[in-house]
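Please examine the model displayed below. The account that follows treats its sheets, its aromatic pairs and its nonpolar cores in turn.

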Amino acid sequence: MGLSLALTATPEGLRVRQQPPSLSVMRGETATLSCHFKVESLKYGVQWFKMKSEKQLIPKSSRQFVVEKNQTSSLVIAEVTLEDSGWYYCEVNVLQKDPEWGNGTELVVLAPPSAPQIYLQSPTDPHTGQWALFCLTGGFHPSELTLTWTYQSAGAIIDHLPLTNCTLPAPHPHAELSEHLTDGAVLSSDRLGNPKCFQVTDNHSREAYLFSVFLLPQKESLETGITFTCSVQDHPARTAALTTSFTWDASPNELIGHLNIFKMCFLSAVTAIFLLE
């Protein structure tokens, strides 16, 4: 019997309903999904399934178990992981009757984003080359996030700087964010000539990482003390924004010694991902 038919109850059938229709749980917490039904016969059984390409019976384990009381069956999943996300259905079987399914419960496992970090990329020639700021956040699920840049200067009035904000999922097909191209980690390849936002996804842990690149204007960034702030917001696992700031208050020569290690490690990792495509 297909899922669409199994979910269509007949007037003479059992009354089976699941609560809540959607449940959001932080990773590592316990999720409890309930199925309520009304049967007159004592000869009945209840099974829980997770739906993917086909229904998969939930095996009993120390982390996943079923509790039944007063014609209510509850599926308890302890220490939920991102892989536990999905749709769950209970099936009630009564002797000499067709089985009936509940309306389903979607389990959404949340992982909050890490506090953003700002890194400064130094050019080969600090006086004529292009300096850039990177803002990085990661470890979050699902991929719903907004990363924004703001700036202010206490020493001088500066012209408007072309800041790039990143939003997941991409609001339209031409947004400068990644598409899932291959297995493993994936990196944005859209507009490689002038990339602004990159999304890296670990397909094993299902965690997402997002970083934005802001190219600093040469004269303003070298001559003016500007404070740049990167904010991470609009993620369902957090109610408040996460922010971090960077102030350009040192000469380029003083910064170079602290930046070369990051430049070699971080940009080498980005290059390696490009080569894997």
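A residue is called buried when its relative accessible area is under 20%, exposed when that value is over 50%, and partly exposed in between, with a 1.4 Å probe and protein chains only. By this criterion Phe211 is buried, because its relative accessibility is 4%. The model is a predicted one, in which local features need pLDDT of at least 70 and side-chain atom pairs count only at pLDDT 80 or more, whereas totals for chains, interfaces and linings use all residues. Residues are numbered from 1 along each chain as its sequence is written, and side-chain values use heavy atoms, with hydrogens and water left out.

The sheets come first. Strands (E, at least two residues) are DSSP runs numbered from the N terminus, and two of them pair if DSSP finds at least two bridges between them. In general, the strands of a sheet pair through backbone hydrogen bonds, either parallel or antiparallel.

On to β7 (residues 72-77), β3 is joined by 6 bridges, and the two strands run antiparallel. Here Thr32 has Val76 in β7 as its bridge partner.

Another open sheet of 4 strands has the order β14-β13-β17-β18, and its pairing is also antiparallel. The edge strands are β14 (166-168) and β18 (242-247), each pairing on one side only. From one strand to the next, the twist averages 15 degrees. An antiparallel pairing over 8 bridges connects β13 with β17 (residues 226-233), and in it Leu147 faces Val232 of β17 as its opposite residue.

Thr148 also belongs to β13 (residues 145-153). What does Thr148 contact, leaving aside its neighbours within four places in sequence? With contact taken as heavy atoms within 4.5 Å, the partners of Thr148 are Asn165, Thr229, Cys230, Ser231 and Gln233. Thr148 counts as buried because its relative accessible area is 15%.

A pair of aromatic rings is described by the distance of the centres and the angle of the planes. Rings of Phe, Tyr and Trp (its six-membered ring) pair if their centres lie within 6.5 Å; planes under 30 degrees apart count as stacked, over 60 as edge-to-face and the rest as tilted. By this rule there are 9 aromatic pairs. One of them joins Trp149 and Phe214 in a tilted arrangement, with 5.9 Å from centre to centre and 40 degrees between the planes. Trp149 lies in β13 and Phe214 in β16 (residues 208-215), so this pair ties together parts that are 65 residues apart in sequence. Both residues are buried, Trp149 at 4% relative accessibility and Phe214 at 3%.

The rings of Phe198 and Phe211 form a stacked pair, because their centres are 4.8 Å apart and their planes are at 25 degrees. Since Phe198 lies in β15 (residues 197-201) and Phe211 in β16, the parts tied together are 13 residues apart in sequence. Phe198 is buried as well, at 5% relative accessibility.

Elsewhere, ring pairs link Phe49, Trp87, Tyr89 and Trp101 into a cluster. A charge sits over a ring if NZ of Lys or CZ of Arg is within 6 Å of the ring centre and within 35 degrees of the ring normal; Lys55 lies in this way over the face of Phe49, at 4.5 Å from the ring centre.

The nonpolar cores remain. A nonpolar core is a set of buried Ala, Val, Leu, Ile, Met, Phe, Trp, Tyr and Cys residues joined through side-chain atoms within 4.5 Å. The largest core has 24 residues, of which Leu133, Trp149, Leu216 and Phe228 touch the most other members. At least two residues of this core come from each of β11 (117-121), β12 (132-140), β13, β14, β16, β17 and β18, and β17 gives the largest share, 4 residues. Apart from this core lies another, of 22 residues, including Val16, Leu33, Cys35 and Trp48.

Methods: Axes fitted to C-alpha atoms, helices over the stretch in contact; angles between N-to-C directions.
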